[in-house]
Amino acid sequence: MEENAQPLFTFGVIADIQYADIEDGFNFLQTRKRYYRNSISLLNSATEKWNAEPVQPSFILQLGDIIDGFNNPRKASEKALETVVNGFNKCKAKAHHAWGNHEFYNFSRTYLMDSVLNSKHLESTSEFQSAKHVEENNPEPSYSYHFSPAPNFRFVLLDAYDISIIGRGEPSRKYYQSLKYLQEHNKNTNLNFPPEPTGMKQRFVEFNGGFSREQLDWLNKVLTFADNNQEKVTVMCHLPIYPASTSPICLAWNYEEALSVLHSHQCVVCFMAGHDHDGGYCVDECGIHHLTFEGVIETPPDSNAFGTMYVYEDRMILKGNGRVKDRILLYPSF
């Protein structure tokens with residue numbers, strides 16, 4: 001790549017804003033400070049930076065947990081969401097919204113489908129019509145779609161709470177399926193407590209979820225199309241799916257199944273997630289970059305946590321801000 005070469009396009013990334021108009025507090029284990037009210041200031045700083053970029057971002061990836069669950073008991077969910085959406089509206093680029101556990105602490109799936117957090121209207125519609133809708137005849141479809149911001153590049157947004165007991169409600173088939181699956185792996189009365197204090201089984205908790213077989217079959221079709229058209233694909237959702245990129249307690253329940261689909265295709269270059277506020281990064285055995293973005297909610301007021309990705313023919317370059325590090329992501333070669 002020539003020095004100072006212009007990127008093909010750029011995009012912004014931010015995760016786990018978890019805004020609430022309340023005083024600072026701590027996480028569930030009372031070990032990490034959270035800056036609920038200040039998170040909107042960090043979002044505003046991010047949008048100002050993106051708007052000032054010499055190459056304007058084509059879009060923003062918001063990786064989930066846009067407002068905090070503490071809004072719900074205070075009956076402040078809609079007001080908090082309006083505050084954060086107004087922050088995103090200051091940005092010249094449109095945002096693609098993933099859904100995390102805190103979206104479901106505040107809203108039902110039905111509400112989210114009809115809300116501003118449903119960004120499926122930004123889906124690509126000019127090609128691959130057979131995979132435009134995830135499961136057209138499924139009464140419980142997942143919130144998943146794909147889009148192509150530039151020739152030979154595709155992004156896929158997945159629903160990590162398609163199978164979950166917070167992302168599905170009674171009396172749905174997927175709710176009972178999810179409850180049975182979770183209780184088989186976690187015998188605690190409070191399912192937010194992990195079944196074991198260490199190890200990979202920690203992921204079987206109520207605040208996580210997974211991917212249905214229908215959604216993974218759809219993903220396989222999208223990636224097959226991308227393979228056939230020599231596209232480079234970035235996949236994103238709220239939950240990480242590669243153990244070395246996160247703490248075990250933050251992994252998707254059936255991360256191995258999702259990884260198996262990704263590893264069966266040559267087109268995938270990157271997987272992006274949030275959820276683990278410490279962030280993480282690694283390259284897996286197939287050369288896929290797994291980026292877990294640091295959470296805004298646990299970022300002190302004098303710092304920040306967001307990035308801008310510069311996309312080139314042979315790599316992506318992440319320019320981080322605050323807790324997010326700069327990285328060079330070379331595409332896998334086959």
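Glu 298 forms a salt bridge with Arg 32, with the closest N and O atoms 2.9 Å apart. A salt bridge here is a side-chain nitrogen of Lys or Arg within 4 Å of a carboxyl oxygen of Asp or Glu. The pair links distant parts of the chain: Glu 298 lies in the loop between β11 (289–292) and β12, Arg 32 in the loop between β2 and β3, 266 residues apart. Glu 298 is buried, at 9% relative accessible area. Buried means under 20% relative accessible area, exposed over 50%, and partly exposed in between (1.4 Å probe, protein chains only).

This is a predicted model: local features need pLDDT of at least 70, side-chain atom pairs count only at pLDDT 80 or more, and totals for chains, interfaces and linings use all residues. Residues are numbered from 1 along each chain as its sequence is written, and side-chain values use heavy atoms, leaving out hydrogens and water.

Arg 32 has another partner. Its side chain meets that of Asp 278 in a salt bridge of 2.4 Å, N to O. Asp 278 sits in the loop between β9 (268–273) and β10 (280–283), 246 residues from Arg 32. Asp 278 is partly exposed at 44%, and Arg 32 is partly exposed at 27%. Salt bridges that share partners join Arg 32, Arg 34, Asp 278 and Glu 298 into one network.

Elsewhere, Lys 33 meets Asp 24 in a salt bridge of 3.9 Å, N to O. Lys 33 is partly exposed, with a relative accessible area of 39%. Asp 24 is partly exposed, also at 39%. The whole structure holds 18 salt bridges.

Now the sheet. Six strands form an open sheet in the order β5-β4-β1-β12-β13-β14, with mixed pairing. Its edge strands are β5 (95–97) and β14 (327–330), each pairing on one side only. The twist averages 20 degrees from one strand to the next. Strands are DSSP runs of E, at least two residues, and helices are runs of H or I, at least four, numbered from the N terminus. Two strands pair if DSSP finds at least two bridges between them. β12 (residues 305–311) and β13 (residues 315–322) pair in the antiparallel sense over seven bridges. Phe 306 stands opposite Asn 321 in β13.

An α-helix has 3.6 residues a turn, so residues three or four places apart point the same way.

Key:
Axes fitted to C-alpha atoms, helices over the stretch in contact; angles between N-to-C directions.
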